[in-house]
Amino acid sequence: MATLHNLGFPRIGVRRELKRALESYWAGLSTQEALEQAGRELRARHWAVQAASGAALVPVGDFAWYDHMLEWSATVGAVPARFGQAGDAPVTLDTVFRMARGRAPGGSPAAACEMTKWFDTNYHYLVPELHPGQQFRIARDTLFEQVREARALGHAAKPVIPGPLTWLWLGKGEAYRGAGDADKLALLADLLPVYEEVLARLAGLGVRWVQIDEPILALDLPAAWREAFAAVYERLAGAPVSILLATYFGALDDNLQVVQALPVAGLHVDLARAPEQLAAVAAGLRAGQVLSAGVIDGRNVWRADLDAWRARLSPYAAALGERLWLAPSCSLLHVPVDLSAEDQLDDELKSWLSFARQKLDELSLLARALELGEAADGVAGVADALAVQRRALRTRAESRRIHLPAVQAALRDAAGLARARAPFAQRTAAQRARLRLPAFPTTTIGSLPQTPEIRALRRDWRAGALGDAAYEKAIRQEIADGIAFQERVGLDVLVHGEAERNDMVEYFGELLAGFAFTQNGWVQSYGSRCVKPPVLFGDIARPAPMTVGWTAYAQSLTERPVKGMLTGPVTLLQWSFVRDDQPRGTTCRQLALALRGEALDLEAAGIGVIQVDEPAFREGLPLRRAQRAEYLDWAVDSFRLCTAGVRDDTQIHTHMCYSEFNDIIASIAAMDADVVTLETSRSNRELLGAFEGFRYPNDIGPGVYDIHTPNVPQAEAMVGLIRQAAARLPAERLWVNPDCGLKTRAWPEAEAALREMVAAARALRRGGPAAG
């Protein structure tokens, strides 16, 4: 039978046990020993689940306290000097947390490492910081300790580590211009000996296979990087372990020949994203080389068509025998843990779904069916399980819940609406006359701090312990308090604070037809931040207004403009588990049409500023350049459709964060938002470089401080950032704002930071220092 293995398992626990353990430790409510014990319990449970499913090798090293890239940076000693790492001392857990958060219990504040999106997912990783002449060493023993844990529990451990070229590609530094900068390759001379030492130590612990992840092989790589693979893996081939080179998130395409020449014992490819590459990959295998087929989609939650995979893989199973391994397409980090924890989904919809545990079961069933061949349908357990899969696929395809003719007709009628707005110069004049804002206007991104009391209100209301009237009264009070707070701090454009929203995607999905929701479908976004992506299973419609009542109430409390806050169509798409039975662009336009109705209703209620957030706009960009034009066309079109038909004096904002935007700045301009706010503080103002060669036409707010750290920024630093922006953009088009929403911050932190931000704006208006 084909060997089963897994590339990685969700870390957080089915009920977010890791989140609770981390936040308890960060708050000083528990000890490091208690945190580490929680980690051991989760790892043991997850290894047991994978072994029980039939996995011959369980991944070790996929568990991380915050992020796997951060863990590896700490392991190889890539700790920036500002975190106070002493000489040859081991990198401690608190140092890891300072790198991630800018602060750890008992430690002094420091600027956190940059955080951005992991390829085209909504997972965030901590960017390695690099500099010429950097020295590397094994500085943290966590990986080896976890291998000992797994082996002590009777598991065959397969350590998982980032590949040296992927780690360097994703790293940044003042001396390097970007991901493709070949100068970073000079660091390999000092980095590779550490990899060799890691592999040797793993072999000494009894490890036979090591998974080295090189997902950059799904990218368009410059020649220097493609050529580097041969030298790197010829050197690592001397290690006393077998290397499984793992690629995922796309096809190898022009990198296939590079990979086929590498002296690695096995190759993993993503066949869920790129099934067409199977024949070419298999044809290029060398004698004895393992093919790991990533056939179960690690990025989405739909059941797999096992009959189709059985037919496709049967010839390869016969030819390769034990050299065919079966796996999910990528780490299961990107899907929820266990569908059996869902007892409130209706039976039909639930039958269509598969979470991490179920995906491993699907993998086991496929392996058994391949082994039995044509006899599989005569073996009771296998035949029954295959029949369940077939029935789920058939009922999903035939369900009347999926296709809504009225939605499809409305979308056809909306053709051409997306390009209907007047030129920006005409709009901005009307908006200035209406809003009468000062120079360098201040605002926040949308959410205000969400306290335990707010979360308790929502929880009690959902559970029926709090009636509708009492809930509405309590949320209105939160809105009133938020408006008063913003006026007291001195902001120019206010927000209602989003106290009624559990999540920026889930909130809207609950009010739109075509979405379903889970109780425990949590997925890690970064650190302890988890999201519960909706399941977008059918055509989208808006039965009733979703935000108008709360926003209009907030506007009634103040003379200052209050922003209506909408999550944009691309972000609703990207941050959901999306149906796979129609083009994503069609689904996105359906979302845009529903949001257009909301925007027009907000405008009719007197709201003069509407923000359509698109933090996932860059995330959806295909990894290969040849596929990007089509995506950008429908993504831009969908955004513009959201606000087609609003008046010229209604100001449209959008917000984007924690992604690499420089290479799509022209498409951001094509979205034609009146104001775009962007994260720039944590990325060390890197985005400002995009404006050196591109004349951005509309208003822009470069985020002046990082909200993902508890550190309070200083006004002087924010003044400096805006002045840097003013060197590239007209000062009259600049806004002053944080780089993201404030929901994760406590009120004292938020107030202190916003007061500093307002002081910075006032100093800019005076043309003097912030302290003045």
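**Contacts, cores and a helix pair**

Analyst: In this predicted model, Trp26 touches Tyr66, Phe97, Arg101, Pro105 and Ser528, leaving aside residues up to four places away in sequence.

User: Where is Trp26 placed?

Analyst: Trp26 lies in helix 1, which covers residues 17–26.

User: Is Trp26 buried or exposed?

Analyst: Trp26 counts as buried because its relative accessibility is 15%, and the cut-off for buried is under 20%.

User: How far apart are Trp26 and Asp94 in space?

Analyst: Their C-alpha atoms are 9.6 Å apart, although 68 residues separate Trp26 and Asp94 in sequence.

User: Turning to the largest nonpolar core, which residues touch the most other members?

Analyst: Trp167 and Leu326 do, in a core of 98 residues. Helix 7 (residues 188–204) supplies the largest share of this core, eight residues.

User: What does Leu326 touch?

Analyst: Beyond residues up to four places away in sequence, the contacts of Leu326 include Ala2, Leu4, His5, Leu313 and Leu370. There is also a second, separate core of 94 residues, with Leu494, Val578, Ala616 and Ala669 among them.

User: Next, at what angle do helix 17 and helix 18 pack?

Analyst: Helix 17 (residues 452–463) and helix 18 (residues 468–489) pack at about 160 degrees, with axes 10 Å apart. Helix 17 is therefore roughly antiparallel to helix 18. Their crossing is left-handed.

User: Which residues make the contact?

Analyst: Helix 17 contributes Ile454, Leu457, Arg458 and Trp461, and helix 18 contributes Asp468, Tyr471, Ala474, Ile475 and Glu478. Six residues of this contact are nonpolar, three are charged and none is polar.

Technical notes
Residues are numbered from 1 along each chain as its sequence is written. This is a predicted model: local features need pLDDT of at least 70, side-chain atom pairs count only at pLDDT 80 or more; totals for chains, interfaces and linings use all residues. Side-chain values use heavy atoms; hydrogens and water are left out. Axes are lines fitted to C-alpha atoms, for helices over the stretch in contact, and angles run from 0 to 180 degrees between N-to-C directions. Helices (H or I, at least four residues) and strands (E, at least two) are DSSP runs, numbered from the N terminus. Angles under 35 degrees count as roughly parallel, over 145 as roughly antiparallel, 65 to 115 as roughly perpendicular and the rest as oblique. A crossing is left-handed if the near helix is turned anticlockwise from the far one by less than a right angle, and right-handed if clockwise. Contact means heavy atoms within 4.5 Å. Ala, Val, Leu, Ile, Met, Phe, Trp, Tyr, Cys and Pro count as nonpolar, Asp, Glu, Lys and Arg as charged, and the others, Gly among them, as polar. A nonpolar core is a set of buried Ala, Val, Leu, Ile, Met, Phe, Trp, Tyr and Cys residues joined through side-chain atoms within 4.5 Å. Buried means under 20% relative accessible area, exposed over 50%, partly exposed in between (1.4 Å probe, protein chains only).
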